[in-house]
Amino acid sequence: LPAPWRAVDAAAAVLRRGGRLCSYSPCVEQVQRMCIALREAGFEDLETRTTLLRTFDVHKAEHRVAPLAPWGEEDAMHVPDHARKRQ
């Protein structure tokens, strides 16, 4: 919603006492306006959180996975020949 505070009265009309309302806003000015509208409509226990946005570069990685032996066997920590330190 570009102006979520305009929906507060409609939300207050359909929510039961103790109901919850969640609103996502892209800037602090919208958060402030929303909080003012919520208080004026009788909402209590307002809580504001911020979300840290992180971008991930996801791509297909192709690699071989060495099979693991059952626990307790000596070769459970098998290191493939190509990964061994050359002497």
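A residue is counted as exposed when its relative accessible area is over 50%. In this predicted model, Asp 45 has a relative accessibility of 75% and therefore counts as exposed. Asp 45 is found in the segment that comes after helix 2, and its backbone has a positive phi of about 55° although the residue is not a glycine. Most residues other than glycine have a negative phi.

The largest nonpolar core consists of seven residues, namely Ala 3, Trp 5, Val 8, Met 34, Ala 37, Leu 38 and Phe 43, and helix 2 is the element that gives the most to this core, with three residues.

Rolling a probe the size of a water molecule over the atoms shows where empty space is left. The largest pocket has a volume of about 1,200 Å³, and of the 29 residues that line this pocket, those closest to its centre are Leu 21, Cys 22, Leu 38, Leu 46 and Glu 47. By class, the lining divides into 14 nonpolar, eight polar and seven charged residues. Helix 2, which spans residues 28-40, gives the most to the lining of the largest pocket, with five residues.

Terms used. Residues numbered from 1 in each chain as written. Predicted model: local features only at pLDDT ≥ 70, side-chain atom pairs only at ≥ 80, totals over all residues. Heavy atoms only, no water. 1 Å grid on protein atoms, 1.4 Å probe; cavity = no way out; pocket = protein on both sides within 12 Å on 5 of 7 lines; lining within 4 Å. Points joined across faces, edges and corners; volume = space filled by probe spheres on them. Helix = DSSP H or I, 4+ residues; strand = E, 2+ residues; numbered from the N terminus. Nonpolar A, V, L, I, M, F, W, Y, C, P; charged D, E, K, R; others polar. Core = buried A, V, L, I, M, F, W, Y, C linked by side-chain atoms within 4.5 Å. Buried < 20%, exposed > 50% of the residue type's maximum accessible area, 1.4 Å probe, protein only.
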